[in-house]
Structure formats: structure tokens, C-alpha cells
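Let's take a friendly walk through the aromatic side chains of this structure. Have a look at the model first, and then we will go through them together.

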Amino acid sequence: MDNKEPKKKRGGVSQFLSRFRWLIQAVATLLSNIHLPNFFKGGIYQGKGKAVCVPGLNCYSCPAASGACPIGSFQAVVGSSKFSFSYYITGFLILIGVLLGRFICGFLCPFGWLQELLHKIPTKKLSTKKLKPLTYIKYAVLLFAVCLLPMLITNDADMGDPFFCKYLCPQGVLEGAIPLSAVDSGIRAALGTLFSWKLGILIAVIVLSVLFYRPFCKWLCPLGAFYALLNKVSLFGMKVDKHKCISCGKCAKACKMDVDVTKTPNHTECIRCGKCIRACPVEAVSFCYGFGKGKENDCPAKKAETAKQKIETEIKTEIKTGIETEKE
């Protein structure tokens, strides 16, 4: 009885998290943007909360933002003439990455949730399975636009531009430029070519999000790329019970991040959304937390295939032996 109770509890938690993920996403978005009256005032919250980073992609310039975006904060420090590296922000990202991995993307990121809501708009949906090479673009964005360019390309004051935030991030236009310019005529008058460029990126991401599942997360997000690098070592992960799994493939079909959890339960693209948990007919897939989780991640899928091949080989050998015996 003692051994079964923890498993039941864990299964219940996994089912609960996967079923009510949308509610957790909504609450996380609200907590990341708790100062809602600022949308009408046209001002940005400048309190002590802005000294702390939120885990997901959420623009500092959003009037309601309660904390700082980790990507924007990192670029501000590495591009500053006073600092060469941000130990605090990097340490924060590593800590969050080790504790949760891309659970942040699946549960706590406001921009990730927005893409999911857009994808629910009824229209033809397109698969990204044949576009897997595009997932490597986000690592290039992380390396160059977030890390190297702000440090290497500086102005006369020895200050680097936050290249990702300034030229690529659609969240800044959505949360910052649009609401601020809507209530401030001075900001509207100052909008120029850069705003038009980033507005074009935002529109493109919106259209792609309707057609594809989380295109920005898959292909461009540097924060997702950073968490992806820590996904395999994060304490929060996925587990497949090898004794329950029947190799039906329903979990792989349900995954919109193109991951087969039975083969790679802690794949870099897995955002821990739990769709595979809800799709599994025998409750073989679940969330797990702690060290040594990889030891229990084996699934009989490959073993079953090997056993099948072995049986087929034995049958062929017997048939061949029988034919040779008849000839003799």
C-alpha cells in the first residue's frame, strides 16, 4: 500500500497540472503584469519589483509589468560600460533552468500563452515536423543577438545596444510600444522606422501562431533556447513507466512540439505542457521531480521492437533450416 500511494499522488498531480495548465498560465501572466491601471495612465511601473527578473519573456516596458525581463536585463548589463558580465541574471537563469527547465515555457511564459491562444483560432493548422532545422535558429539568436553583439558593438559612450530587444523581440511592441503610444501623443509622434519593422515582426508572429503551434518559441526565442540547454539536467522532467507503456504512439501524436516522450522524455524542445500525459491511455507518462529521474525513463518501445526483430530472425532461421533439411 505504501508503494502505491506515492505513485497515485504523483499521477494525480501530473493530471491536475496538465489539465489546468491554462489556468496556471493565466495566473502567471497576471502576476507578471499586476499593475494594470498603468495601461490607462500611460506610465511604466518603476518600483522595487523591477529589480527582480520574472522567469518568462515579459517586456520591462509593459506599463503593467511587475518585474524585469531576464533577456532585456542581461543585455542591459553586458552592453553597459560599467559591467562586462551579469552574474546575478545569469545565475538566476541557471537556477530557474536547473529547477524547472522548459516548464517555464509551458506554464509561466506570457508570450508562450499568447501564441497558444492565437493557435486556437479556427483555421487550417500546419505541422512543424518537417521544419525541425529551424529550431536551431533560436540558439544563434541567443549567442549573437543577446550575448555577443551587445558586448562587441558599442557606441562612443562604450554602450552596446540590446540587439534582441531593440530589433527582434515582438513582445516589446505588443506590451510596450502599442499600449504606451495609444495613450501618449508624444510617443506616437516619435514612432518611426524601427517601430514599423518590429510591428511587422509582431504581425508575422501572430499570423504564424494561428497556423503553427508556438512558432516563436520553437524558432526564435532566446530565453527558450537557454532553458532548452538545461532541460536534460533540470530537476523537473518527464517520466515514462516502462511497465505500463504499451507503445501505442498516442503521446507522440499529441505532442505539438514534435517530441516523442517515450524515446527522449527530456528533449530540449519539450515544454512540459502535459499533452502526452492526457493522451496516454494507461497513465504511463507523468511529471517527475528530483535527481536520478533518468533511470526510470526507459520505455519498452525500443525493446519491443528488438524482441520482434529477434522473433522474426528466429522464424526465418527455422524456415531456412527446414528447407535445407528437406533438400538433404
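How many aromatic pairs does a search of the whole structure find? The search finds 11. Rings of Phe, Tyr and Trp (its six-membered ring) pair if their centres lie within 6.5 Å; planes under 30 degrees apart count as stacked, over 60 as edge-to-face and the rest as tilted. This is a predicted model, where local features need pLDDT of at least 70 and side-chain atom pairs count only at pLDDT 80 or more, while totals for chains, interfaces and linings use all residues. Residues are numbered from 1 along each chain as its sequence is written, and side-chain values use heavy atoms, leaving out hydrogens and water.

Start with Phe103 and Phe236: their ring centres are 4.7 Å apart and their planes are at 50°, so this pair is tilted. Phe103 belongs to helix H6 (residues 103-108) and Phe236 to strand S1 (residues 236-240), so the pair ties together parts 133 residues apart in sequence. Helices (H or I, at least four residues) and strands (E, at least two) are DSSP runs, numbered from the N terminus. Both Phe103 and Phe236 are buried, which means under 20% relative accessible area, with exposed being over 50% and partly exposed in between (1.4 Å probe, protein chains only). Ring pairs also link Phe103 and Phe236 with Phe107, Phe287 and Tyr289 in a cluster.

Now turn to Phe163 and Tyr167, whose ring centres are 5.6 Å apart with planes at 40°, so this pair is tilted too. The two are four residues apart in helix H9 (residues 163-168), and therefore separated by about one helical turn. Phe163 is buried, at 15% relative accessible area, whereas Tyr167 is partly exposed, at 31%.
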